Each structure stands twice: as structure tokens, then as C-alpha cells.
Amino acid sequence: MAQMTMIQAITDAMRTELKNDENVLVFGEDVGKNGGVFRATEGLQDEFGEERVFDTPLAESGIGGLSIGLGLTGFRPVMEIQFFGFVFETMDAVVGQMARMRYRSGGHYNMPVTIRSPFGGGVKTPELHADSLEGLIAQSPGVRVVIPSTPYDAKGLLISSIRNNDPVVFLEHMKLYRSFREEVPEEEYTIDLDKADVKREGKDVTLIAYGAMVHTSLKAAEELSEEGIEAEVIDLRTISPIDIETILESVKKTNRAVVVQEAQKMAGIAASVAAAITDEAILHLEAPVLRVTAPDTVFPFAAAEDVWLPNETDVKERVKAVINF
Amino acid sequence: MAEKTLKNIEEQFEMFQILNEEGKIVNKDALPDLSDEELQELMRRMVYTRIWDQRAISLNRQGRLGFYAPVAGQEASMLGSQFSLDKEDWILPGYRDIPQMVWHGMSLHQAFLFSRGHFKGGQMAEGLNLVMPQIIIGAQIIQTAGVALGLKRRGKDNVAITYTGDGGASQGDFYEGMNFAGAYKAPAIFVVQNNYFAISVPVEEQSAAKTIAQKAVAAGINGIQVDGMDVLAVYAATKEARKNALEGTPTLIETLTYRYGPHTMAGDDPTRYRTSELDSEWEKKDPIVRFRKYLESKKLWSEEEENKVVEKAKEEIKAAIKETDEVAPQKVTDLIGNMFEELPVNLQQQMDEYKEKESK
């Protein structure tokens, strides 16, 4: 086994699938010779050639349309949106076109497209780069949204996403790209989409998170443990659809839940999770389901990110509120 | 200097015509190599499509069809271009471009299902390289660049052709599609059927460009403006575009045409934005009238022949509507079942709920 950062695990997943299936094509802005602005596609063009790994003109809508056309002719496109803040330029291609293809064709065409994109705050990018826009896609039927929080998960989930015959938006939190390494098998493996993962076991409260907030929650859980509170931390891994079963199993044990998301509060994933818990398990609850989110402003300029993003203190405060309710 | 460059470019985009309004050949050198049977087939298709359009409008008014965008006036532009294609070429149509799909192999029955908003309208038969009619103006244009690149990567001797109207040429996707296809030397043909109005907005208010064809210059691909009421010119231009596409140069074809009817049958009233003088000016250019004159002069067409086509069209349309009436109505479970290959848990639950509802 090798020690890998998340970005290395992502590259490794693409290399694995480029090797496995000649229909897999990897493309986007600067992904060819340059290896991607984050180096996610480093070395892939040299290894697989310009026909399989290539640069596109600078036009996100065009990249989305290109993927659809390649998908129609039997390819398995892995397209990159250089920063997820640019997704608005290709919203029609992703949620208007790819997501509806199976239905519009009565099941005749599928769209095995993986849309990879860096997202999330904390790395001080220029504005409209880091935004947490995953909720926009999660709200759109016909497309899955997958968000890994560790190198191991990233490789297995990305391989599963590429092999899936429906569109998957695969979001990579920029802060996690190189923040830590862990053991990642060199051989291929998959992780089921649509399944959450319990990242820490605990009996007193359930924390539900995804992306970088999984680590914020784990850190908060460690600190709470010193105070005698044992939090269970669930990593959603796929945010659309939500694996409600794993959440309910945990909440029925802990009777308390706090949902943590980096995105703004309004119409978010956390709201969906909270609603699902009250739908299915209200009689198991000892306290209301609380949320930790960013405020409902636009994503801030870089110098304001640190005060804007939710942190461990916010998580601990909410946990104590549900414990002491 | 810059002014001169623009003027030079604009002057080079002259309308390409073979058959004039009187049905006379005005460009003998460009006359395509079509057999007598092929010429008659082109005529049959145009006459058939005109009858189908009339029937569709009438069925729509009776509430028996659903969504319909009239095509009369545009037959040469639609059918002349499709006629130059190979059976395995891909068509990415807009919502008005149903005739090209039908003459490429889709059944009338399926066209009617599409009009009625039934998902089976999009269920293409195996081996039929058609994409469902696009609703978002211009979205099909970038997808065409993708299909074309896919065909090139697969080493196929086939092209991808897409259709939009003059309004589509205002969309960003129009430029992105031409630019991508040009950059990848992909075998694509972009047809803009300029019927002079994007619903109601006249083409001269949509762009400062004198022609739409000249927009190809910016993308570094071929561009040509064609008389869209002249089926021979449209055929010849598309045939050449197809050859060039396979050699790595896409083409933008602007066909100058006119839709006699409203934008769609959903309440558009063309008298608000077009004059009857303009209508009759275009009716004089009618594609069927001029081609009929030409074929009659060659003794290839007669009233009797035309009546046969009219009767055949009426019978087939009647049968297709009957077949469409017999299709089972859609259920919510059909919709849920066509969202994903493997249903996610939320949709599994909803599938169960609706199965129960629908069983009652």
C-alpha cells in the first residue's frame, strides 16, 4: 500500500479507469499537458496519449456539450470543471441535458459522464472559485453528487463514479487535496455510491457531515470526548441521494443529531437530512435536529473566509445545545 | 483597415442558388449529380411533408396532437440537407426539425408521440442515429461537436449535423459548438435555417452581422449562405459540407427560408410581427412550386404523381395517429424508472408508493 494524498488518489483512480476501459476519456481546461491546475491529471496525457487525455477550449458550456456528444457515441467522459464556481456556465449541459437524457429517450440513451470539480472554501481562492454549490446539483433530479473526504474514499468513489452509467458530479474539496496522506491500495477497488460511512463511533450524539466538514466534525468529536461526550460522525459521501438508513440507525442509538455543512443554510443538504430524520425518527429524538452552516450571504472574499466558514467551535456549541436541551 | 476587412468578408457571402423562383437552373456548374428517381424522391418528400404539416396543424387545433412547430416553407431547407446524408450520420435536431428525423428513419407515429409529450417519442430504434428534438435553443450545437469528435475517434466515415434557427445563432453555445468542432477538426455540419424571425424578433435586430454564414469565419470553419427555398442548392451545399467535414473542416450553412405558419401552435400570432406583403413575397419563392416547375419541364412530375403522394401521406398520417392513440398512457412509475439505471433509495421508495397508487 502507498501513502497518498487525496489528489494522488484521484489521479490514481483516473489512471486505473483509463487503463481498464478504452472508452474513458479525460478532458477539460489545462488537463492535458499542464496536468490540471491542481495537478489532478498529472502524467495522464503522457501515459495515455492526446486522444484519451486532452485540453479543451476555455468554455465550460462547450465542455459539458462535448461530454454529452461523446457519451452519445459510447464514450465515458470524465470532464473537469476547473473550479466549481464556474458551474453556472454549464448548468444546462449538466442538469438540463445530461440529467434528462435517459428519461427523454425512454431509456435508450444513457449519460455515463463524470463531472469532476474542485470546490469548497478555506484555501483563499479568488472569488467565484470556491463556492459550495453542491446543493444546486443535489436539487436537480437525474444526477448523483458524490463528495469524498479522504484519499481512500476518493479513489474508490471516483472509480465507481466513472463506471456508473448515469451522470455523477464528483466534488473534490480543495482544502483536502493535500492536507493529509493515508494508506491507499495501489490495486483497484470500488466503494458503493449512495452509501454513507460511519467515520467515528459514539453513543451520545450523531454528527452528519460531508467533505471538509467531516474533518471539522471529527476534530470537534475528539475535543468533546475529553469532556465526556462521545459523538458518532457520519460521512455522507454521496449527498444526492442521501443514505438515510445509515443516519437513522445512528440517530436511533444516540437520540440526538447535528448536521454540519460548509454551505449556506438556505435550502441546503443539512435541511434535507434534518427533515428526513424528523420524518422517520421523531419519537427517537431527545432534542431538535440542529444545523451548523455558513450564513446566507454570498461566498466571501478570501480574507473573510476564516471567520465565515463553520468551524469546530460552532459544531461543539450545537452539540452541547442538543445534549443540554 | 478594420472596416475594410469586415466589408471584404461580408461581400464574399453571396447566396448560393441553383434553381430560381421560376424553376430554371441558374447555376449549371453546381447542379448536383442526382438521378431522375432521386429528384422525384426529393419532390415526393417535400409534398408529403407539406401535407403532413397541414394535417398536424389541423390535429393540433382539434386537440389531438399537442406541441407542434409548423414547417411549411422550410421543406427544401430541411429535406434537401437531410437527403445528402448517409444512413449512419447523426442528426441533432431542434424542435422544428421533425421532418429530417422522419426521413432519416424515425416513424411518424413516434413523431406524434413526441408531440404529445410521451416518453416513447424519444425511444429511438436501435441503429438510428438521432437525438431527441432539442428544446433549449443552441444546446444541440455543442453536443454536435461532441458527437462529431466521437465519430472521429471511432474512425467512422460519418458526420454529425445539427439544425437551429436564426435565433439559435445568437446563443453562446452556437459559437462554442463551432469553435470546438473547428479546434478538434471534427466532422460536423451546422445548419442555421434563417427564417428571419426568432419567434417575433427580426434577424436584423439580433445581430449587426449582414449574414449568419459569415460567423463561421471567426471559428475558422467553412461558411456558406444558401437559398433555402431551393432544394438543389441546399442538397449540393450539404453534400459538399459533408465531404469537407470528413476531411476535417466543419461547415456552417445558413439557409434563407421562411416559415409560413406561426412559431408554434401554442398561441403565436405572426400578424403581430410580419406583414401579409412579406408573406406573399416569400410564397412566390415556394420550394415545392419551383421544384415542381423544374421537374415538369424534365417530364419527371405530373399532377397524377402528386395526387398519389398526397393520398399516401393522408393515409399514413391517419394510420400513425391511430397507432399513437393506442399507446398506453404514461404513468409516474415510467418516469421514475427512466431516471437512473440503478434506482437510488429515494426513488425506490417513491416507486413503491406510486406502484401502489397506480394499482388502485
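I counted a salt bridge where a side-chain nitrogen of Lys or Arg lies within 4 Å of a carboxyl oxygen of Asp or Glu. The model is predicted, so I noted that local features need pLDDT of at least 70, side-chain atom pairs count only at pLDDT 80 or more, and totals for chains, interfaces and linings use all residues. Residues are numbered from 1 along each chain as its sequence is written, chains are lettered from A in the order in which they are written, and side-chain values use heavy atoms, with hydrogens and water left out.

Entry 1. I looked up A:R237 and A:D153, whose side chains form a salt bridge at 3.3 Å, N to O. A:R237 is in the loop between β11 (231–235) and β12 (238–240) of chain A, and A:D153 is in helix α6 (residues 151–163), 84 residues apart. For elements I used DSSP runs numbered from the N terminus: helices are H or I with at least four residues, strands E with at least two. Both A:R237 and A:D153 are buried (under 20% relative accessible area; exposed is over 50%, partly exposed in between; 1.4 Å probe, protein chains only). I then found A:D153 and A:R237 in a salt-bridge network with A:D197, A:K199 and A:D235.

Entry 2. I checked B:R45 and B:E41, which pair at 2.9 Å, N to O. Both lie in helix α2 (residues 36–61) of chain B, four residues apart, about one turn of the helix. B:R45 is buried at 14% relative accessibility, while B:E41 is partly exposed at 23%.
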